[in-house]
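Dear colleague,

Please find the structure below, handed over for your files. Notes on its helix packing and domains follow.

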Amino acid sequence: MSTTNGSSAPAIAIRNITKRFGGFTAVDNVDIAVPQGAFLVLVGPSGCGKSTLLRMLAGLETPSEGEMAFMGRTVSDGTRGLVADAGARDAGLVFQSYALWPHMTVAGNIEWPLKVAKWSKADRAARVDEVLGLLGISALKERYPAEISGGQQQRVAIARTIGPKPSILLLDEPLSNLDAKLRIEMRSELMRIHRATGATSVYVTHDQVEAMTMASHVAVLNNGRVEQFGAPLELLENPRTTFVATFLGTPPANLIEVRKSGDGLVYEGLRLADASRAEAREDAQLLYRAHDLMVGEVPGRPAITARFEEAAPIAGRTMVTAFSGGRRLTAMADGYFRAAIGDPIRLSFLNEPSAVFAMTGERIN
Amino acid sequence: MSAVTTSVLSRRGFLRSETLVPIVLILIVSVLVIAPLVKIVLSTLTVEGRDAWQAVLASKMSENLWWRPLWNTILLGVGVAAGCILMGGFLAWLVMLTDVPAPKTLGLLATMPFMIPSFAAALAWGALFRNSRLGGSVGFFEANSYVVPDWLAWGLFPTLIVLIAHYYSLAFTVISAALSSIGADLVEAAQVAGAKRSRIFFGIILPVVTPALVAAASLTFAGAVSNFAAPALLGLPVRMQTLSTRLFGMIETGQTERGFVIALLLIVVSASFLWLGERLVAGRKNYVTVTGKGGRTKRFPLGKWRWPLFGVAVVLCLLTTFLPALILTASSFALQNGSLFSNWTTHFWIGEGGTDMAQGQAGIFRNPVLIEALWTTLKLAVTVALTTMALGLALAHTISRNKGTLLATLLGQVSFTPILIPSIAFAAAYIALFGAPIGPLPSLYGTFLLLVLAASAHLLPYAVQSGRSVLGQISADIEESARLTGAGFFRRMGAIIMPLAIRGLLAGALLVFVKIVRDLSLVVLLFTSTSPVLSMLAYRYAAEGFMQFANAITMVILVLCVVATLLAHRLQNRVQKWKSA
């Protein structure tokens, strides 16, 4: 295992990391690497191991197996029990709870890590003013954390973390405590700060929208494993599993269970695709994006009847949810669409399925 | 493998500090708590011990040694628990759930009686109701030619009243904490469902606070059965014995083994009721958060009853706080016990000795024994406050860090054991262990060190509890975020943890201080003339009939306690500038 130096080494390399708590495996053999300046988003449902992975990156947990390296420098090695101390990693962590020190002012919170890092007084003062300006909170300098709003606390937490200029910035669901409007605002704010600092960021969230909008690299985690790792659009267009296909994308994509019948794949007696796409399997799941499922009849395209559930207007069109065979389907309608709950509506499949999966979840083609 | 700049945490060193501290703590709590209990049990298994068991439980004397004191003890315990639930519960309901005027002031008043020693109320009762049955000076009422019947002057009834007046504020604290956890949402949900007020009270509020009521009942029961001062001052002169006065009498008269047997029996009585209370509420996962500040609470309008009920509450509070203090103060200035408000003299405070007053004794502030006792008391209280808080913090930290391990469970259980043990029985156990030399170590009986050890052990559960609540206010995130900056352990402690914890620690230490200063039942057995403390001196004067001296000293204790408690209250509640109001 040789360590390369210089720009060719990935900024963050996670090699076969496993973390067990007693008999429970929280993180299972994760292996990903991103280059310098990347914005890596770890996304998945709660309990998928994303926060544990982040805490291992921060040095707050020791991996049970595997190795982690920042800029080619090994910081964790599970098998040898070798750990760079949390403070010696050149990494900063923004906590979900912000974890501001309640007895220090905003300026005090930002300055203290610099004091620990033995910056000179003049440098500290200049840097505090600089990051306060960067986050737009200069006016709050002398306030205490309890005297400012949640959104402002969030900014202070970020300012405190980027103060010592870490080359790795770790963020643990930083937007989950903000209201919807602030969240969107802080999303672009975080992107701006990421670009301004040039740091490599790792961002943990359960919100796939954040993953899609912010990431240069996305790792979708489920049950401690990486389901898929790649660029956001790559994951969206070529999901390797049904979990990724249904977890990412707005509105959510549809999975239709079909059986082979003759040379076609059939759903409720309706032929949807050629049997060859399932590669000789008896049954399969077809992926249709919401925009490939249209409310109403379309000449020449197969259609099914479903029971109307709800409608939400989005950008001049309407996202319609309906039930068919106990399965929730999402389709689009042009303009505004209304119906009473339980009304039968027709849904047409506009295109061939975007992807075909085996019943066990993995991609066939 | 070229992890050049990686700092290597030595696993061995890590492990050592991780396991060494708990082991040292286990040793300390074993010596403090387990060893005396084991020793007192062993002491009653010797030949003399077995005779003592027989004498106490199965002989002609057992009626006097065990059954009658047991009956009195249980009667007192049940009576006090019932009285405290009624009185504390009524006040808690008034303060927390109704629109009674000035609820905050009422709440503070209702917690006051617990700050002052229980013998203050007992002495005040004597100053008012003492009758001529025993000879000597009579109290205020007989001196003003009212006849006070014996049942009102001595024995069970006055003891019961005095103990209720002391312990109801404990019940108030527990019940009001539970009531404050009833959010307005809970009540409003019932209102929306169409429930009437009485329905809400019996269907929602009462079931929610039932665990607190049971807890309050068993705590006040345990307090009453282990109390020494009140039955000793009001019951002993007419030979009403409880288990604690019996225990004291046995050890005083050198019948040590019998004393130990009674101590063990007293532990069983008190612990079994606490255990019973615990069992009754076990299963309901309903914990009272004593410091919890529930959200919005719903206040019921009292209508025309608002002011009358307020009046009742104020009178109850004044009768149990200001009246005893007033009587004690007046009595300490009164030339004659009975004439409280005439012929005042400052002799009992600052008079010179050698006159024909008070059999030639000087006033308390000219009495070297008292001055020494004052210093010993302060020294003891400060020492114990510091040692228990340090120990409590270390224990709480170790228990929370090793959560789930056998070690932590063991530490937790051992450090909470003293809760089950009445303090006078605990003192007996300390005599059993340290009363004689252990190997090369000399006997500690009568030393200051023994007082410190026994008091620290007795207050251990309290100290661990306050250590826990102090640490609970500091989230793990806050410490971890400091760790990420690279700050070392001591830097984190100094800059982050201590500034956040210091107020809580000081407040906890002050309350320990109060508990020591006002304590009588623990020191009454461990006291010798070489280590006099104030409460013991007051008790001795009272027993010898020098009521004015006793009352003057009690006032000194009372003032110390109230000042320290108010200070602790301020430390806990003062708005810190970094906390929003």
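**Helix packing and domains**

In chain B, helix H3 (residues 62-97) and helix H8 (residues 156-180) cross at roughly 45°, and their axes come within 6 Å. Axes here are lines fitted to C-alpha atoms, for helices over the stretch in contact, and angles run from 0 to 180 degrees between N-to-C directions. Helices (H or I, at least four residues) and strands (E, at least two) are DSSP runs, numbered from the N terminus. This is a predicted model, in which local features need pLDDT of at least 70 and side-chain atom pairs count only at pLDDT 80 or more, while totals for chains, interfaces and linings use all residues. Residues are numbered from 1 along each chain as its sequence is written, and chains are lettered from A and ligands numbered from 1 in the order in which they are written.

H3(B) and H8(B) are therefore oblique to each other; angles under 35 degrees count as roughly parallel, over 145 as roughly antiparallel, 65 to 115 as roughly perpendicular and the rest as oblique. The crossing of H3(B) over H8(B) is right-handed, meaning that the near helix is turned clockwise from the far one by less than a right angle. The contact of H3(B) with H8(B) has 23 nonpolar, nine polar and no charged residues. For these classes, Ala, Val, Leu, Ile, Met, Phe, Trp, Tyr, Cys and Pro are nonpolar, Asp, Glu, Lys and Arg are charged, and the others, Gly among them, are polar.

Chain B as a whole has 26 helices and zero strands. Of its 581 residues, 46% count as buried (20 or more other C-beta atoms within 10 Å of the residue's own; exposed is 12 or fewer, partly exposed in between; C-beta atoms are placed from the backbone). Among contacts in chain B between residues at least 6 apart in sequence, 76% join residues at least 24 apart; a contact needs C-beta atoms, placed from the backbone, within 7 Å.

Domain 1 of chain B gives 36 residues to the contact and domain 2 of chain B gives 30. On the domain 1 side, the elements that give two or more residues include H1 (11-43), H25 and H26 (547-573) of chain B. H26(B) provides the largest share of that side, nine residues. By class, that side divides into 24 nonpolar, 10 polar and two charged residues.

One residue of H25(B) (residues 534-543) is Ala542(B). Ala542(B) is buried, with 22 other C-beta atoms within 10 Å. Leaving aside neighbours within four places in sequence, Ala542(B) is in contact with Leu123(B), Leu233(B), Met547(B) and Ala550(B). Gly126(B) is 416 residues from Ala542(B) in sequence, but the two are 9.9 Å apart in space, C-alpha to C-alpha.

In chain A, helix H4 (residues 150-162) and helix H5 (residues 180-197) pack at an angle of about 15°, with axes 12 Å apart. That makes H4(A) roughly parallel to H5(A). The residues of their contact divide into five nonpolar, three polar and no charged.

Chain A is divided into domain 1 (12-90 + 166-246) and domain 2 (251-357). The C-alpha centres of these two domains of chain A lie 34 Å apart. Their contact takes four residues from domain 1 of chain A and seven residues from domain 2 of chain A.

Regards

Definitions and conventions: Two residues are in contact if their C-beta atoms, placed from the backbone, lie within 7 Å. Domain bounds come from an automatic or database domain assignment.
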